[in-house]
Amino acid sequence: MHAIARRTERLKELSERTGCIAHALDITDAESCRKAIGDLDVDILVNNAGASHNARLYDYPFEKIDQLIDLNFRAVAHLTRCVLPGMMSRNKGHVVIVSSMAGHYPMLGSAMYSATKAAVSQFLDVMRLDTNESRIRWTEIVPGRVATEAFAVSSGDAKLAKEKFLDGKEPLQPADMADMIMFALSAPPHVNISRIDAYPTRQASGGFVYSE
């Protein structure tokens, strides 16, 4: 098992705990990722990295536009492209992409985040068509709110982010996400769990916004 992430200490702890081979890389650096895993026989790829920034587009930092596209979509495409030829030649493989409800339903202030998540959702559907003659499986995990550090990173204030986005919301937990991924991976070879939607019980999509 191989793991790619930027934070060396976190990777070291993960490697010691699980025995995985750690690669301290920025996954938006496509060339470095290709050098790290391009020669590996990868049977399972889990695209889980992502970032968000909540703001209406007229207030959006210009640099954030490229950052979100690079991390949420471009890296997914490059990593998938990297491992796919081997999967095709072995006639087996499973690609999991962690998307978001924001890619399927409008959410105020999430134009760029929603666009990138919608892109990976459509990307996965087309890849299923492109590889339909093979036994490669494709799964999109579509969660609602999950208790991760993403809110703190996006806002720059961990305490405020916890109070605003997590406290009292009963969000999904990282372990819930792992369970969903394992459920899809453990299905019999003739079964493709194509999409799993999972929201916190007290979260719903949809609704209307009226201007005053």
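S110 touches N54 and A115, not counting residues up to four places away in sequence, where contact means heavy atoms within 4.5 Å. This is a predicted model, in which local features need pLDDT of at least 70 and side-chain atom pairs count only at pLDDT 80 or more, while totals for chains, interfaces and linings use all residues. Residues are numbered from 1 along each chain as its sequence is written, and side-chain values use heavy atoms, with hydrogens and water left out.

**Overall fold**

- The protein has 7 helices and 6 strands; helices (H or I, at least four residues) and strands (E, at least two) are DSSP runs, numbered from the N terminus.
- From the N terminus on, the order of elements is β-α-β-α-β-α-β-α-β-α-α-α-β.
- The radius of gyration of the protein is 18 Å, close to the 17 Å that the globule rule gives for 212 residues, so the protein is as compact as a globular protein of that length. The radius is taken over C-alpha atoms, and the rule is 2.2 Å times the number of residues to the power 0.38.
- The C-alpha trace spans about 60 × 35 × 30 Å along its principal axes.
- Among contacts between residues at least 6 apart in sequence, 68% join residues at least 24 apart.

**Surface and charge**

- Of the 212 residues, 36% count as buried; buried means under 20% relative accessible area, exposed over 50%, and partly exposed in between (1.4 Å probe, protein chains only).
- The accessible surface comes to about 12,700 Å², of which carbon and sulfur atoms hold 55%. Areas come from the Shrake-Rupley method with a 1.4 Å probe, and for residues only the protein chains shown count as cover.
- The 24 positive and 26 negative charges have mean positions 2 Å apart. Lys and Arg count as positive and Asp and Glu as negative, without His and the chain ends; a charge is placed at NZ of Lys, CZ of Arg, CG of Asp or CD of Glu.

- S110 lies in the loop between β4 and α4 and is buried, with a relative accessible area of 7%.
- The 20 residues of α4 (residues 111-130) should span 28 Å at 1.5 Å a residue, and the end C-alpha atoms are 28 Å apart, which agrees. The expected span is 1.5 Å times one less than the number of residues.
- Buried residues of α4 include M112, Y113, F123, L124 and M127.
- The buried residues of α4 pack against α3 (62-90), β4 (93-98) and β5 (136-143).

- G38 is in the loop between α2 (30-37) and β3 (44-47), and is partly exposed at a relative accessible area of 34%.
- Beyond its neighbours within four places in sequence, G38 is in contact with C33 and C82.
- G38 and M182 are 144 residues apart in sequence and 24 Å apart in space, C-alpha to C-alpha.
- S205 is in the segment after β6 (195-198), and is partly exposed at 30% relative accessible area.
- Leaving aside neighbours within four places in sequence, S205 is in contact with M101, Y105 and Y199.

- N91, in the loop between α3 and β4, has a positive phi of about 60° although it is not a glycine. N91 is partly exposed, with a relative accessible area of 34%.
- E170, in the loop between α6 (158-166) and α7 (174-185), has a positive phi of about 50° although it is not a glycine. E170 counts as exposed, at 56% relative accessibility.
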